[in-house]
Amino acid sequence: MAAAASMMPIFGHQISSKNDLVLDWSREEVSTGTTIMAVEYDGGVVIGADSRTTTGAYIANRVTDKLTRIHDRIYCCRSGSAADTQAIAEVVSYQLGFHSVELDEPPLVETAANLFRASCYRYREELMAGILVAGWDRRKGGQVYCVPIGGMLVRQPVAVGGSGSTYVYGFMDSNYKPGLNKDQCLELTASALSLAMERDGSSGGVIRLASISEDGVERRVILGDQLPRFSTH
Amino acid sequence: MEKHYTDSKVKGVSTGTTILAAIFDGGVVIGSDSRASIGGEYVSSKTINKVIQVHDRIFCCMAGSLADAQAVIKSAKSHLSFHSVQMESPPLVIAAASVLKELCYKNKDELQAGFLTAGWDSKKGPQVYVVSLGGMLISQQVTIGGSGSTYIYGYVDAKYKPNMTREECLQFATNALALAMGRDNVSGGVAHLVVITEKGVELKLVCSLIELLLIFHEELNE
């Protein structure tokens, strides 16, 4: 036995569930390791996300909807811990709905963003949530607000988030120009998400898009075989 | 929360860096930024050249720990020139890449260096090889590496086309490096680019990356 054992190549780790080569999925947190994106155009916003939710290496949901309605014309894109972002979105949804009834008019996107920021900043030590808040209101038109981990709030004309976003910063910097129209924004978002999904293991599935304007919300899904494809190398 | 910080965990002076190599019709472009930093806090060199010539038409780009990379390249150069004398012909690009790979693989526990090898030889024409941190060797048409490369995967996937012209490929490489330097705080400075063809080698230094940055970020002009 000893002779046979010495002929085997020596592996650094034994495959077992007690080390990190093989994950114990029951103890892994459910995460929307993800790619999300939001772009402003004149008259509204376009938002998009992939559809993969992972528990370690297992894809718990391959058709997730990460574009969550907060109000009629305000949506949020969720990234980070699925539990945390769902809980925050529910809380903000409730707070915003109540506020809107008090005001007797549709709420502002900036108000929704500030509510997200308030929760994310106050509980920053416990939470792991990166959120893009996007929508349309009568005062400022289409707006995108970024509330990353830690609880900062900043308005940007175009924002990406989630683990897959790092791969498309270069693409976004080079392809986004101010003054795009709605269809160009949709194309830019779909392309960027497709590129990120191809490189990020935690992003994938289908692309969910939504465009929000004064006329309402239009949602669409781009299935796997219809994803934008780029030259192969 | 620490998993969200890009921790390079590289000992000593690290080339937190962006390196790139791409094949075009008739040759290959290889390039890098020029920043060497210590832990991402202090820039120890603004003008370091990470593109090293290992033979007449074979160049390497280094990433990871600068000390390790320099030591490996020094050893590889001497192996390669000896090999070239033995064979009585210029070494193949894959030979250079294999030498680097052997060194990286055999010493994988001590070393923390990765390489891009690009060159031209008479057998296979222009080629690009990647030797990763643990010593894997693969051949690709276009490849990027270093900490800044994560930000340009999307750009490179979208913009690279096989059989580009020399000018197109140079512009593509310059743009990609500029975009990466714009987002990665440990990449920066100027772009060192080398064009290798059958006819020879041309070195290019691109300093005007700040102009490219202004083009990509029109809001700066407001």
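Contact is taken here to mean heavy atoms within 4.5 Å, and on this basis A:Ser165, leaving aside its neighbours within four places in sequence, is in contact with A:Thr34, A:Thr35 and A:Val160 in the predicted model. A:Ser165 belongs to the loop that runs between E11 and helix H4 (169-175) of chain A. Because its relative accessibility is 4%, where buried means under 20%, A:Ser165 counts as buried.

Chain A as a whole contains five helices and 13 strands. Of its 233 residues, 48% are buried, and the chain exposes about 12000 Å², of which carbon and sulfur atoms supply 52%. When contacts in chain A between residues at least 6 apart in sequence are considered, 62% of them join residues at least 24 apart.

An open sheet of five strands is found in chain A, with the order E11-E2-E3-E12-E13 and antiparallel pairing. Its edges are formed by strand E11 (158-161) and strand E13 (216-222) of chain A, each of which pairs on one side only. On average, and with direction ignored, neighbouring strands of this sheet are turned by 10 degrees against each other. Strands of a sheet pair through backbone hydrogen bonds, in either a parallel or an antiparallel manner. In the case of strand E2 (residues 36-41) of chain A and E11(A), the pairing is antiparallel and extends over four bridges; within it, A:Ala38 has A:Ala159 of E11(A) as its bridge partner. Helix H5 (residues 182-199) of chain A lies across E2, strand E3 (44-49), E12 and E13 of chain A, and runs at about 165 degrees to E2(A).

With a relative accessibility of 4%, A:Ser211 counts as buried. Apart from its neighbours within four places in sequence, the residues in contact with A:Ser211 are A:Val45, A:Val46, A:Lys182, A:Gly216, A:Val217 and A:Glu218.

In chain B, an open sheet of five strands likewise has antiparallel pairing, and its order is E11-E2-E3-E12-E13. Strand E11 (142-145) and strand E13 (201-206) of chain B stand at the edges with a single partner strand each, so that one side of each is left without a neighbour in the sheet. From one strand to the next, the twist averages 15 degrees. Strand E2 (residues 19-24) of chain B and strand E3 (residues 27-32) of chain B are joined in the antiparallel sense over six bridges, and in this pairing B:Ala21 stands opposite B:Ile30 in E3(B).

On the side of H4(B), the contact is made by B:Gln171, B:Thr174, B:Asn175, B:Ala178, B:Leu179, B:Met181 and B:Gly182, while H5(B) contributes B:Leu209, B:Leu212, B:Leu213 and B:Phe216. The residues of this contact of H4(B) with H5(B) comprise seven nonpolar, four polar and no charged.

Elsewhere in chain B, strand E4 (residues 36-38) and strand E5 (residues 42-45) pair in the antiparallel sense over three bridges, and B:Ser37 stands opposite B:Val43 in E5(B). E4(B) and E5(B) form a hairpin in which three residues lie between the strands, and B:Gly39 in the turn has a positive phi of about 60 degrees.

Strand E7 (residues 58-65) of chain B holds B:Met62, a residue that counts as buried at 2% relative accessibility. B:Met62 and B:Asn185 are separated by 123 residues in sequence, and the distance between them in space is 18 Å, C-alpha to C-alpha.

Note on methods: Residues are numbered from 1 along each chain as its sequence is written. Chains are lettered from A and ligands numbered from 1 in the order in which they are written. This is a predicted model: local features need pLDDT of at least 70, side-chain atom pairs count only at pLDDT 80 or more; totals for chains, interfaces and linings use all residues. Side-chain values use heavy atoms; hydrogens and water are left out. Two strands pair if DSSP finds at least two bridges between them. Helices (H or I, at least four residues) and strands (E, at least two) are DSSP runs, numbered from the N terminus. Buried means under 20% relative accessible area, exposed over 50%, partly exposed in between (1.4 Å probe, protein chains only). Axes are lines fitted to C-alpha atoms, for helices over the stretch in contact, and angles run from 0 to 180 degrees between N-to-C directions. Accessible areas come from the Shrake-Rupley method with a 1.4 Å probe; for residues, only the protein chains shown count as cover. Ala, Val, Leu, Ile, Met, Phe, Trp, Tyr, Cys and Pro count as nonpolar, Asp, Glu, Lys and Arg as charged, and the others, Gly among them, as polar.
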